[in-house]
Amino acid sequence: MTPPDTHTLTGAYALDALDDYDRGNVEQHLADCPVCAEEVEQLRAVAALLGAAAAESPPPSLRAAVLAGVEGTRQLPPRLASRARSSRTRRLYVAAASAAAGLVIAAFGAVAVDQHHQLDQARGQAANLGAFASAMAGTTSHPVTGGGTLAVAAAGDHVFVSARDLPALSAGRVYQLWLTGPAGIRSVGVVDGRAGDVNRLVKTSTSGAVAVKVTAEPAGGSEQPTTPVLASAPLRA
Amino acid sequence: MLADHPDGRPLRSVGDRARADAVASTAAAFPEGSTGPGSARSAADLLLQRAGRGDQDAFAGLYDLLSARVFGLVRRVLRDPAQSEEVTQEVFLEVWRRAARFDPELGNAMSWVSSLAHRRAVDRVRSAQAATDRERKVSAMAPRDSDAGHDEVGEQVELRLEYERLRRCLGNLTELQRESITMAYYNGYTYREVAELLATPVPTVKTRMRDGLIRLRDCLGVGA
């Protein structure tokens, strides 16, 4: 849910004139409002023309530096076309993800019994799940303020959390995962601020968990969120 | 679409709009810093799409086409040349990294790259600011740029905006619309900071940014 006047922030959004909190609200709003998203696209194009008016050639040495950097930089894969997929397909993905999460729980349980023997198997399962989660990300992902996506799949008393393309945080900052429910909000883990992609299996323990949320926190994490929520993914679609 | 050349020189004829097979020559027809807006736009789209398929030559062409825009914009926001070079480099690496995710259906490459560049520059300004004067309120921050910033924005807009049509369209805005937009975009201020600096209520600034941009859009003929 976004505040009622969120729509009037499209101009400020296109100018990058919002703080993180407002930006999160607008991005959430845009996800549900194609007309607004189109307006933002147009206003950004206008902003780009304002930017072009400031054009100034960089020093020639920069070109070589950029092209050398490209040489050593891996490209992200394209986003899979997701909008057109039917809700049936989406349900299948979620069901399969839940099953895969169950496998990993089983594998992790086995690790506790016989760590060395089972570790490779667990890794294999986790890798499969990771691959699966990325396939799923296109259909059930939620935008993360600042970039990237968050997707979750619940299975029994566990939730599989998959975040992709998270922008690197500044030094000393980490991403923190939260579980919200009737009992409030509690931390379910801290993620390296430069990890980029994250796949985590989280135990919900108490019933009634409603959503997984992500914030950026000081290293080590916080007791409770101290910054605006960057992304929120409900556990029930 | 803008008809005028950024340098005020007449727009060179480049024949047909860039086609896939003509991208390289189109890029060559627009050396660094002399991008002709209309053709540059479609050429940039094609180059970016090819870069998304791992084509480093296309990416080099894209750099030549857009580096002056990116560097100029970043420098306008950051001022510091060394930092601006650093951020420009970051921006292009990010463009390379994300190129496969560019969707021409959802906007043109120039706008995509410019948004990325502006966002990076603004993030840099704000994180530097957060590190140095996290505690300060906006009002206390005003001296940082208040007098200089105020006049300079107007001056920049008057002196440095080279697109005649853009200048004319900016002239059609109310002073508050124009100031709200340029202070936010060129200085990297949030709308709350702009409101403080202009001593204007926050909701008013927010609205002026939007209706000002819409008026610019209509004046410039930026369509979907």
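1. pLDDT is the predictor's confidence in each residue, from 0 to 100. In chain B its mean is 75, and 66% of the residues reach 70 or more, while chain A has a mean of 76, with 70% of its residues at 70 or more.

2. This is a predicted model, in which local features need pLDDT of at least 70, side-chain atom pairs count only at pLDDT 80 or more, and totals for chains, interfaces and linings use all residues. Residues are numbered from 1 along each chain as its sequence is written, chains are lettered from A and ligands numbered from 1 in the order in which they are written, and side-chain values use heavy atoms, with hydrogens and water left out.

3. In chain A, helix 5 (residues 87–113) has the lowest mean pLDDT among the elements of the chain, at 49, whereas helix 1 (residues 10–14) has the highest, at 96; helices here are DSSP runs of H or I with at least four residues, strands are runs of E with at least two, and both are numbered from the N terminus. The pLDDT is below 50 over residues 83–93 of chain A, a stretch with eleven contacts in the model beyond near neighbours in sequence, and also over residues 107–119 of chain A, where there are eight such contacts. Contact means heavy atoms within 4.5 Å.

4. In chain B, pLDDT stays under 50 over residues 1–38, for which the model has 73 contacts beyond four places in sequence, and over residues 134–161, for which it has 40. Where pLDDT is low, the predicted coordinates should not be read in detail.

5. The structure holds two disulfides over all chains, a disulfide being a pair of cysteine sulfur atoms within 2.5 Å. One of them joins A:Cys33 to A:Cys36, with an S to S distance of 1.9 Å, and the torsion about this S-S bond is about 65°, so the disulfide is right-handed.

6. Helix 3 (residues 56–78) and helix 9 (residues 175–187) of chain B have axes that come within 7 Å and cross at roughly 100°; axes are lines fitted to C-alpha atoms, for helices over the stretch in contact, and angles run from 0 to 180 degrees between N-to-C directions. The two helices are therefore roughly perpendicular to each other, given that angles of 65 to 115 degrees count as roughly perpendicular, under 35 as roughly parallel, over 145 as roughly antiparallel and the rest as oblique. B:Leu73, B:Arg76 and B:Val77 of helix 3 meet B:Tyr185, B:Tyr186 and B:Asn187 of helix 9.

7. The axes of helix 3 and helix 4 (residues 81–98) of chain B come within 9 Å and cross at roughly 140°, and these helices are therefore oblique to each other. Their contact includes B:Phe59, B:Leu66 and B:Phe71 of helix 3 and B:Val91, B:Phe92 and B:Trp96 of helix 4. Its residues divide into 14 nonpolar, five polar and two charged, where Ala, Val, Leu, Ile, Met, Phe, Trp, Tyr, Cys and Pro count as nonpolar, Asp, Glu, Lys and Arg as charged, and the others, Gly among them, as polar.

8. Helix 8 (residues 164–171) and helix 11 (residues 202–220) of chain B have axes that come within 9 Å and cross at roughly 135°, which makes helix 8 of chain B oblique to helix 11 of chain B. B:Arg165, B:Leu166, B:Cys169 and B:Leu170 of helix 8 make the contact with B:Leu216, B:Cys219 and B:Leu220 of helix 11, a set of six nonpolar, no polar and one charged residues.
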